[in-house]
Amino acid sequence: MVRRDRGSEDRTPGAFGAPSRRRVLRLAGGGLALAALTAGTVGCDEDSVDVEDPGSTGGDEPKGGGKGSGDGGDGGDVGEKGQAPKPLWTKPTSAETYGDNDELVAAAGVVIASGSPLAALDAATGGQKWSLPGGAVPGAPLLLSEDTLYLASSDYDGSVIAYAPASGKETWRSRLGKEYRQPRPIAVDEEQVYVIAEILEEDGSSKTNVIAALNSTTGRVAWKEQRDAGTEQNGIHAAVRGRHLVYTDFKKNLTVRDTASGGQVWTHKTTKTNYGFFTVHQDLVIVPQGNVLQAFNLADGKEKWSLKASDGALFREPAALEDVLYVADSARTMWAVDPRSGKQLWKSEALADAGLQVPRQYVKAGDTLYGATDLDKQGGIIAIDARTGAVRWTFNDKTGDYHAWLVATDGKHVFALHGKKLHALPV
């Protein structure tokens, strides 16, 4: 018998204090939002002109200074020393985002922000390449593999649909069955796309959910496994490495399944959680738990290493990029760590010295790390020297919009989404 995810009645939001309303909505991963929201029809005109905005034509004044302060480096055409580069273009979007990291993606020469209609903009010019009238399901991820975009159907008909990101052409659609509703893709690898869906009771309610794998080429169901009562389909964060699918949910479950069979390999109940965020590097899953960062073997769940923050600070969202683990703590100290051993590579106080917020999402291009923060006033996009932690520059459009910033890159551009404005910055 396959051992399934363990439920829990513990609804403690974690070690970071009560979450904001906006954060709760985005962490619901779409499930709660689906019950209250329907897709809108906000337009995104193909011939829209660039937005004129005083903050989008040069960014903020330098915010380096103090320990690790930057010197401009090679983080784009920075103009004056330490000043953010001017956007290559700025466009209005139909974005309907909740701040999750997979609501802005770039691939195949286009950049796509979650919204309705769902529009793909040319990465180089910002011109519209294609759009889907139905758009993306609010709160559900834009799940992108190398050559396919996977979406939950905006018709709420139980379908998962695959599209070619370059053209917007549908390549297949799949349904788990009439006994399931609100399926949402959560992770993808070279062979399969993994989906969570509610299991319907006879009265139309749902008390349990299922995790399934679809063939990423055809959409055919490869396997389905029912999760235990008490687990949730909301707040899911997931990743795949080799034969291991790893995911978390609101109930503080850290679970690993075999991608070939769906069988559960192991599960841990995390004692403290950063809203379920984790990162995966090679054969390790790395999880922030309060003031401790822990790495577990994907194969058996045994702890490989741990790292403790200083002075009671709490670790925030981590990212493993190009064989380096980057993470900040609540004291606004930035860490670079060898993800294989947990050995510290460097530690920088440049964020704290510059009075900047802690990034919650990271991408890397060249030797620059780009971090996106939650709130607007002391945040935005922060360019950080990936070798030292020095702050090179910050970019903020000064709109005062309360939405979280999102960041993505195609290696040639850095895309910054804030509310309904999308900026393309040079790298």
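## Salt bridges, strands and loops in a predicted model

Trainee: How many salt bridges does the count come to?
Mentor: This is a predicted model, so every value here is computed from it. A salt bridge needs a Lys or Arg side-chain nitrogen within 4 Å of an Asp or Glu carboxyl oxygen. By this rule the count comes to 13 salt bridges.

Trainee: Which parts does the pair of Arg173 and Asp157 tie together, and how many residues apart are they in sequence?
Mentor: The side chains of Arg173 and Asp157 meet in a salt bridge, at 3.9 Å from N to O. Arg173 lies in strand β9 and Asp157 in the loop between β7 (149–152) and β8, so the pair ties together parts whose separation in sequence is 16 residues.

Trainee: Is Asp157 buried, partly exposed or exposed?
Mentor: Buried means under 20% relative accessible area, and exposed means over 50%. Asp157 has a relative accessible area of 27%. That value falls in between, so Asp157 is partly exposed.

Trainee: Which residue forms a salt bridge with Glu170?
Mentor: Glu170 has 35% relative accessibility and counts as partly exposed. The closest N and O atoms of its salt bridge are 3.0 Å apart. The partner is Arg173.

Trainee: What is the relative accessibility of Arg173?
Mentor: Arg173 meets Asp157 in a salt bridge, and Glu170 forms one with Arg173 too. Arg173 counts as partly exposed. Its relative accessibility is 40%.

Trainee: Which residue in β9 is the bridge partner of Val160?
Mentor: Strand β8 covers residues 159–163 and runs antiparallel to β9. 5 bridges join the two strands. In β9, the partner of Val160 is Ser174.

Trainee: How many residues lie between β10 and β11 in their hairpin?
Mentor: β10 and β11 pair in the antiparallel sense over 6 bridges. One example is Arg181, whose bridge partner in β11 is Glu198. The number of residues between the two strands of the hairpin is 3.

Trainee: How many of the 9 residues of β10 are buried?
Mentor: To count as buried, a residue needs under 20% relative accessible area. β10 is mostly covered. Its buried residues number 7 of 9.

Trainee: Is Glu190 buried or exposed?
Mentor: Glu190 lies in the loop between β10 (180–188) and β11 (192–200). With Glu146, Asp147 and Glu191, Glu190 gathers in a patch of negative charge on the surface. The relative accessible area of Glu190 is 80%, over the 50% cut-off, so Glu190 is exposed.

Trainee: Which residue meets Arg227 in a salt bridge at 2.7 Å, N to O?
Mentor: Side chains of opposite charge can pair when their charged atoms come close. The side chain that meets Arg227 at 2.7 Å, N to O, is that of Asp249. Asp249 lies in the loop between β15 (244–248) and β16 (253–258) and Arg227 in the loop between β13 and β14, so the pair ties together parts 22 residues apart in sequence. Both Arg227 and its partner are buried, and that partner is Asp249.

Trainee: What distance separates the C-alpha atoms of Arg227 and Asn209?
Mentor: Arg227 is found in the loop between β13 (221–226) and β14 (237–241). At 0% relative accessibility, Arg227 counts as buried. Asn209 is 18 residues away along the chain, and the C-alpha atoms are separated by 5.7 Å.

Trainee: Which peptide bond is cis, with omega near 0°?
Mentor: Most residues other than glycine have a negative phi, and most peptide bonds are trans. Pro117 is found in the loop between β3 (110–113) and β4 (118–122). The cis bond runs from Ser116 to Pro117.

Trainee: What is phi of Asp323, and where is the residue placed?
Mentor: Asp323 counts as partly exposed at 44% relative accessibility. Its place is in the loop between β22 and β23 (324–328). Asp323 is not a glycine, yet its phi is positive, at about 70°.

How values were computed:
Residues numbered from 1 in each chain as written. Heavy atoms only, no water. Pairing = 2+ DSSP bridges. Helix = DSSP H or I, 4+ residues; strand = E, 2+ residues; numbered from the N terminus. Patch = residues over 30% accessible without salt bridge, like charges linked within 9 Å, V, L, I, M, F, W, Y side chains within 5 Å. Areas by Shrake-Rupley, 256 points an atom, 1.4 Å probe, with all protein chains shown as cover. Lys, Arg positive; Asp, Glu negative; His and termini not counted. Charge placed at Lys NZ, Arg CZ, Asp CG, Glu CD. Buried < 20%, exposed > 50% of the residue type's maximum accessible area, 1.4 Å probe, protein only.
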